[in-house]
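Open the model in a viewer and follow the selections below in order. Each stop gives something to select and then what is there.

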Amino acid sequence: MDEQYRSIVNSALSIEEEIISWRRDFHKHPELGFEEKRTSSIVSDALYLMGFEVSDGIGGTGVVARIRGDEAGPVRGLRADMDALPMKEETGLPYASIYDGIMHACCHDGHVAMLLGVAKLLAERKGELKGEVVLIFQPGEEGFAGAKKMLEEGLLEKFPMDFLFGHHIMPVILPHKSITTRKNVFTANSDRFYMEIKGKGGHASIPHLVKDPLPGLGQMIGAINTLVSRNIDPFEEAVISIGQVHAGSTENIIPDSALISGSVRTFTDEVQQRIFRRLGEISEGIGKTNGLDISYEYKFNYPSLINDPDLTEQVLDLGRGFCEEVIEKENPFTGSEDFSFFSREIPSCFIMLGAHGTEGVHHPKMTFDESVLAWGAAWQSYLAIRSGEDDFQKS
Ligand code: NI
């Protein structure tokens, strides 16, 4: 264990109470995507008081702060997401959400508190810092593509960075105080599709005088469920799940139309494009066969997150010197994460921090062991400082 690491861990432990109190305050006052006004103003004020250059309002409620070291070096970023989820908290914690139906169930309260801790630690260690560190507090990760919005509003033009790191606390599924990442694809492309099958309804006794959408619906369900097995290389992977089917109102009426929607998870853009195209061809073909008009909409949601392989190798190496358990994951996560938008623009590495907990993320009873916070702040500070050194490979 090197001296610098030991010293950073001690400093982090000395501010642990403050990090935890930030986290509990954010937990008690969760805010949904692009509504993180209270959170971002606390973040912005705290950073200003620590002596950072602070820019508010990038991507709505986003906050970006920069600290420059005394010597020249690369510019690297650290990102935390700030938003909560529209769900009712059932943890029974003394600092549980005071807002009915809004909960920090994805650890973003912890991410913000940890990154404020990092800010404090880096401000104390400005003399050890080479180059610059940019701290990004991002709004709207949970379905709002806040990362994309920050990019559209000129994040990289205002803060050009050489590389970027993102962190997510992951309770239950990963060991406490462990670091997990993966080279290349880390999370899935997560998309949605919607189809409306339009026919002409009427009495169930006169099928020859109507255009029944239901046989088309049945064929569509069958075709979608064989799309992966008949169109995708067995050594590649994809998941298509139909999540909704709606049609009809009673037993003796043929309905006018039917609706079908589902989700698609893929790990390469090539497979994603093939599924997007095939779903369109199938809906057109089934429409023609049955004399139905089928509208098809494919919503490209979050792209897959691509970790830069060289940068990730460096992170894994550094991690092995920092904690006992560093996991280089064999397969990508099937979940999605909008850090992916950054990863498509700039060499990036996204890292999971394992934690003890009661339930996994997005569960109303999810809690995590707060000792991960000071530890995670120490790790991110160590990463921020060490990745400015000359021996850290710049991708
Ligand atoms: Ni999350």
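Begin with everything shown as a cartoon: the protein has 11 helices and 16 strands. Helices (H or I, at least four residues) and strands (E, at least two) are DSSP runs, numbered from the N terminus. This is a predicted model, in which local features need pLDDT of at least 70 and side-chain atom pairs count only at pLDDT 80 or more, while totals for chains, interfaces and linings use all residues. Residues are numbered from 1 along each chain as its sequence is written.

Stay with the whole protein. Along the principal axes, the C-alpha atoms fill a box of roughly 85 × 45 × 35 Å. Of the 395 residues, 46% count as buried. A residue is buried if 20 or more other C-beta atoms lie within 10 Å of its own, exposed if 12 or fewer, and partly exposed in between, with C-beta atoms placed from the backbone. Among contacts with a separation of 6 or more, 80% join residues 24 or more positions apart; two residues are in contact if their C-beta atoms, placed from the backbone, lie within 7 Å.

Next, select helix 11, residues 371–386. Its 16 residues reach 23 Å from the first C-alpha to the last, close to the 22 Å expected at 1.5 Å a residue (the expected span is 1.5 Å times one less than the number of residues). How many of the 16 residues of helix 11 are buried? The count is 15, so helix 11 is largely enclosed by the rest of the structure.

Axes are lines fitted to C-alpha atoms, for helices over the stretch in contact, and angles run from 0 to 180 degrees between N-to-C directions. To see the contact, show side chains including Gly110, Ala113 and Gly117 of helix 4 and Gly376, Ala377 and Ala384 of helix 11. By class, the contact of helix 4 with helix 11 has nine nonpolar, five polar and no charged residues. Here Ala, Val, Leu, Ile, Met, Phe, Trp, Tyr, Cys and Pro count as nonpolar, Asp, Glu, Lys and Arg as charged, and the others, Gly among them, as polar.

Now select helix 7 (residues 213–231) and helix 8 (residues 269–290), which pack at an angle of about 150 degrees with their axes 10 Å apart. Helix 7 and helix 8 are therefore roughly antiparallel to each other. Residues in the contact include Met220, Ala223 and Leu227 of helix 7 and Ile275, Arg278 and Ile282 of helix 8. Seven nonpolar, six polar and two charged residues make up this contact.

Move to Glu196 in strand 8 (residues 189–198). Glu196 has 18 C-beta neighbours inside 10 Å and so counts as partly exposed. Its C-alpha lies 5.8 Å from that of Ala258, 62 residues away in sequence. Leaving out residues up to four places away in sequence, Glu196 touches Ser257, Leu259 and Ser295.

Finish with two loop residues. Ala145, in the loop between strand 4 (130–138) and helix 5 (146–152), has a positive phi of about 55 degrees although it is not a glycine. Lys177 lies in the loop between strand 5 (163–171) and strand 6 (179–181), and its phi is positive too, near 55 degrees.

Methods: Parallel < 35°, antiparallel > 145°, perpendicular 65-115°, else oblique.
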